Amino acid sequence: SFKDAHHSVELISLRNMPHVPEIIVGYIPALKLLFQGDLYDSYALAEVPATEDGEVLLRWLPQSGLDVEQMIPVHGPNAPVSLDALTRAHELRQKK
C-alpha cells in the first residue's frame, strides 16, 4: 500500500485466477474504485457475457470487505465502469 496527501492505494494479490496464477489489483478507498487488469474489460460493458475471470471477481468482491462502486480496467476505454455493468455481464453469462 502507499498514499499521498489525498489518497491511499491498497494493493491486493488475488491468487488462483482462471487467467493467471496471481494478479494484483489496486483499491482506492476514498473513491470506492478498483483498478484491475484482465479480470473484466470495459470493451464488454453491459452487452457481452462475463468471462471466467469476471465471475471470480464478482464472487470475490463481497468477501473482500472492500466498498467498491466502480472499477477501471486496463483494457478498453480508460474510464470508470460501474459495477452494474459487470453484474449485467454476469447475467448474460448465466443465460448462455
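Modeller: What follows goes from the whole chain to the salt bridges, then to the strands and to one residue beside them. The model is predicted.

The protein has two helices and six strands. Along the sequence they follow the pattern β-β-β-β-α-β-β-α. The protein has 96 residues, and 38% of them count as buried. Its accessible surface comes to about 5900 Å², with 54% of that belonging to carbon and sulfur atoms. Among contacts between residues at least 6 apart in sequence, 51% join residues at least 24 apart.

Now to the part you asked about. The structure holds three salt bridges. One of them is formed by Asp 67 and Lys 32, whose side chains meet at 3.0 Å, N to O. Asp 67 lies in the loop between helix H1 (52-64) and E5, while Lys 32 lies in the loop between strand E3 (22-28) and E4, so this pair ties together parts that are 35 residues apart in sequence. Lys 32 also forms a salt bridge with Glu 69, with the closest N and O atoms 3.3 Å apart. Glu 69 is in the loop between H1 and E5 and Lys 32 in the loop between E3 and E4, so here the parts tied together are 37 residues apart in sequence. Because the salt bridges share partners, Lys 32, Asp 67 and Glu 69 are joined into one network.

Lys 32 has a relative accessibility of 27% and counts as partly exposed. Asp 67, at 38%, is partly exposed, and Glu 69, at 48%, is partly exposed as well.

Another salt bridge joins Glu 22 to Arg 15, the closest N and O atoms being 3.6 Å apart. Glu 22 is partly exposed, at 41% relative accessibility, whereas Arg 15 is exposed, with a relative accessible area of 59%.

Strand E4 (residues 33-36) and strand E5 (residues 70-73) run parallel and are joined by four bridges. Within this pairing, Gln 36 stands opposite Pro 73 in E5. E5 also pairs with strand E6 (residues 81-82), this time in the antiparallel sense, over two bridges. There, Gln 70 has Ser 82 in E6 as its bridge partner, and Met 71 stands opposite Val 81 in E6. Strands of a sheet pair through backbone hydrogen bonds, either parallel or antiparallel. The sheet here is open, has six strands in the order E1-E2-E3-E4-E5-E6, and shows mixed pairing. Its edge strands are E1 (2-3) and E6, each pairing on one side only.

Leu 83 is found in helix H2 (residues 83-95). Which residues does Leu 83 touch, not counting those up to four places away in sequence? They are Leu 61, Val 68, Glu 69, Gln 70 and Met 71. Among them is Glu 69, which also forms the salt bridge with Lys 32. The C-alpha atoms of Leu 83 and Glu 69 are separated by 5.9 Å, although the two residues are 14 residues apart along the chain. Leu 83 has a relative accessible area of 19% and is therefore buried, whereas Glu 69 is partly exposed.

Terms used: Residues are numbered from 1 along each chain as its sequence is written. This is a predicted model: local features need pLDDT of at least 70, side-chain atom pairs count only at pLDDT 80 or more; totals for chains, interfaces and linings use all residues. Side-chain values use heavy atoms; hydrogens and water are left out. Two strands pair if DSSP finds at least two bridges between them. Buried means under 20% relative accessible area, exposed over 50%, partly exposed in between (1.4 Å probe, protein chains only). Contact means heavy atoms within 4.5 Å. Accessible areas come from the Shrake-Rupley method with a 1.4 Å probe; for residues, only the protein chains shown count as cover. A salt bridge is a side-chain nitrogen of Lys or Arg within 4 Å of a carboxyl oxygen of Asp or Glu.
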